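Here is a short report on one protein chain.

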Amino acid sequence: MTSQLRVPVAELLRRPGSHRELSIHVDVDGWANSDAEIHGPVDIRLQLDSVVSGLEITGSLETGWRGACRRCLEPIEQTLQQDLREMFSIAPTDDETYPIQDGEVDLTPMVRDCLVLALPIAPLCSEECVGPAPDAYPMNQPELPAEERPKDPRWAALDALRTGK
């Protein structure tokens, strides 16, 4: 996979103002956050523009992802589409630009960062999902006023000090 995402750009860098379009279809494994993972191939459509400071890469990524609903724990499979705009430089500064090395760019870190950051942190199968047992664990119950809430017996001694009883 890494070899598919290594792109020679030496000729492009020699002519600032020039551009090149790139379309790649690649399989990835193991890209995930804590609750969702990339599933299936990634379609990458990019435009590489040569600028004075390096390369500006814009485009879009599309892939599938899967995870479990945070409420009902049912499996979810959906499509993820993400636009991107990143800079590559021969002398990268901080973590704001990706490196150009030996006349080529490795798109792997950029694609991985973009996709993993776009994955949902807490996947939800639908906004209406009520969870696995809505009768046992009802959601969205109205909040009771403080005087109507049951008192915790562990605080009884402190309540007695407050009221003087």
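Where does D43 lie? D43 lies in strand 3.

## Basis of the model

This is a predicted model, in which local features need pLDDT of at least 70, side-chain atom pairs count only at pLDDT 80 or more, and totals for chains, interfaces and linings use all residues. Residues are numbered from 1 along each chain as its sequence is written, and side-chain values use heavy atoms, with hydrogens and water left out.

Helices (H or I, at least four residues) and strands (E, at least two) are DSSP runs, numbered from the N terminus.

Strand 3 covers residues 36–51 and pairs with strand 2, residues 19–27. The sense is antiparallel, over nine bridges. Two strands count as paired if DSSP finds at least two bridges between them. In this pairing, E21 stands opposite Q47 of strand 3.

D43 is partly exposed, at a relative accessible area of 26%. The classes are buried (under 20% relative accessible area), exposed (over 50%) and partly exposed (in between), with a 1.4 Å probe and protein chains only.

Leaving aside neighbours within four places in sequence, D43 is in contact (heavy atoms within 4.5 Å) with I24, H25, S60, L61 and E62. L61 is 18 residues from D43 in sequence, yet their C-alpha atoms are 5.7 Å apart. The side chains of D43 and H25 make a polar contact of 2.3 Å. A polar contact is a pair of N or O atoms within 3.5 Å; within protein, one must be able to donate a hydrogen and the other to accept it, and residues adjacent in sequence count only if both atoms are side-chain atoms.

Is E56 buried or exposed? E56 is buried, with a relative accessible area of 16%. Its side chain joins that of R85 in a polar contact of 2.5 Å. Residues up to four places away aside, E56 touches Q47, L48, D49, V51, R85, E86 and M87.

I57 is also in strand 4. I57 counts as buried, because its relative accessibility is 0%. With neighbours within four places left out, the contacts of I57 include L46, L48, L84, F88, L107 and M110. D102 is 45 residues from I57 in sequence and 18 Å away, C-alpha to C-alpha.

## Positive phi in two loops

L73 is not a glycine, but has a positive phi of about 65°. L73 sits in the loop between strand 4 and strand 5 (75–89). L73 is exposed, at 62% relative accessible area.

D102 also has a positive phi, near 55°, in a residue other than glycine. Its place is the loop between strand 6 (98–101) and strand 7 (104–106). D102 is exposed, at 80% relative accessible area.

## Salt bridges

A salt bridge is a side-chain nitrogen of Lys or Arg within 4 Å of a carboxyl oxygen of Asp or Glu. By this rule the count is six.

How far apart are the closest N and O atoms of E37 and R66? In this salt bridge they are 2.8 Å apart. E37 lies in strand 3 and R66 in strand 4, so the pair ties together parts 29 residues apart in sequence. E37 is partly exposed at 31%, and R66 is partly exposed at 32%. E62 forms a salt bridge with R45, with closest N and O atoms 3.8 Å apart. This pair links distant parts of the chain: E62 in strand 4 and R45 in strand 3, 17 residues apart. E62 is partly exposed at 24%, as is R45 at 37%. Salt bridges that share partners join E11, R14 and R15 into one network.

R14 is exposed at 57%, whereas E11 is partly exposed at 44%.

## A nonpolar patch

W155, L158 and L161 make a nonpolar surface patch of about 360 Å². Patches are made of residues with over 30% relative accessible area and no salt bridge; like charges are joined within 9 Å, nonpolar side chains (Val, Leu, Ile, Met, Phe, Trp, Tyr) within 5 Å. Accessible areas come from the Shrake-Rupley method with a 1.4 Å probe; for residues, only the protein chains shown count as cover. L158 belongs to helix 3, residues 156–163, and is partly exposed at 41%.
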